[in-house]
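Dear colleague,

Please find the structure below, handed over for your own work. My notes on what was found in it follow directly after.

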Amino acid sequence: MRGAWLVKRTLDRGRKAPGRHAGPPQPPRSRHRLGVASLTIAALLLLVPTGPAFADPKPSLKDLASRVEKMHTEIETLTEQFNGQREKLKTAKKAAEAARKTLAASEADLSAKRAKAALLAQNAYITGGLSRALAFTSSENPDNFLDSAATTFAIEQRQGEELNQLIKAMKAAERARAGAKSRITEVEKIVKDLDAKRGKISKLVAKVESNLFRRALGEAGRPGTRATRVNLPIAGSGKAAQAARWALTQQLKPYVWGAEGPGSYDCSGLVMAAYQRVGISLPHYTGNQWTAGRHISRDEMRPGDLVFFYSDLHHVGIYLGGGMMVHAPRTGDVVRIASIERRPFAGAVRIAD
């Protein structure tokens, strides 16, 4: 409204006003210039913002907290993908080393067979200068000739066998060379993928731990309660119960993605470390831990069983009984006890009795 009033007032000033204060009449050219100037000013006034309505609204604390929760989920998902790739890398490196040894052995065998074949070829060349028929007719002692012919025949037979072995060795060496190259390519691809995931996780963690989100979560109130050490009695004497008891001793140690102790853990790293303490080797990856034991129903769960969450299994904890678990939750948090009701339950796995 104010902008329209200013435009009207400006236009009115450009017109000839009647009355005693109108002043001398304007020449036609001057009136034209004044009208153009007035219209220009009016157009500028219409383009100038007149209030705060054009400013972008600031995100609410609720929006910021929601963003952080999504980033935490993404961090944990990427972390388990990272852990899975690390497990693949271990396997690929072992396969690459085995392929390298096979290639070295194949090339050594090929080299030896080539040397033998060369000697036999050289011997055949030296002894095969005359045809057997000519040698027989010119020989004064047929018995000596027959002995020599038998030896030559044996050499030729051996030469044929060595040649076959040489061809086989060459093919084996080619296969070994191709296998080694394929394994090395696989390792390089996994390493590249790991670097990409590491970069993404680091950037997300930096965002989550930025002053903006720290302040927003502090003002909005972070979900959950403050972590405190809790000593729970764990029933049972088997390895599963022992693993659960040890995991409780790690309470309040910080969550660090990709960590497997002793000073910090991620979710699957805590599980791996707990079972390692009781002599059971588990991979540092929820996907492999999911297939490492027997799947059980929720009603069958007992202390030490692994409990998994979300459809992609990107979070795991160790069940304690009474609907509680010990787990390493997420970036910025610590190993703590929590209810299994707070996440979408995917299933349970029994690793040991």
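Arg 198 and Asp 195 join their side chains in a salt bridge with an N to O distance of 2.7 Å, where a salt bridge is a side-chain nitrogen of Lys or Arg within 4 Å of a carboxyl oxygen of Asp or Glu. This is a predicted model, in which local features need pLDDT of at least 70 and side-chain atom pairs count only at pLDDT 80 or more, while totals for chains, interfaces and linings use all residues. Residues are numbered from 1 along each chain as its sequence is written, and side-chain values use heavy atoms, with hydrogens and water left out.

Both Arg 198 and Asp 195 belong to helix 5, three residues apart, or about one turn of the helix; helices are DSSP runs of H or I with at least four residues, strands are runs of E with at least two, and both are numbered from the N terminus. Arg 198 is partly exposed at a relative accessible area of 35%, and Asp 195 is partly exposed at 44% (buried means under 20%, exposed over 50%, and partly exposed in between, with a 1.4 Å probe and protein chains only).

Helix 5 (residues 142-208) also holds Arg 177 and Glu 174, three residues apart, whose side chains meet in a salt bridge of 2.7 Å, N to O. Glu 107, Glu 174 and Arg 177 are linked in a network of salt bridges. A further bridge joins Arg 183 to Glu 186, with the closest N and O atoms 3.2 Å apart, and the search of the whole structure finds twelve salt bridges.

Trp 246 and Tyr 265 are both buried. Phe 309 and Phe 345 have ring centres 6.0 Å apart and planes at 75°, so this pair is edge-to-face as well. Phe 309 lies in strand 2 and Phe 345 in strand 6, 36 residues apart.

For the chain as a whole, the secondary structure comes to nine helices and six strands, and buried residues make up 35% of the 353 residues.

Key
Rings of Phe, Tyr and Trp (its six-membered ring) pair if their centres lie within 6.5 Å; planes under 30 degrees apart count as stacked, over 60 as edge-to-face and the rest as tilted.
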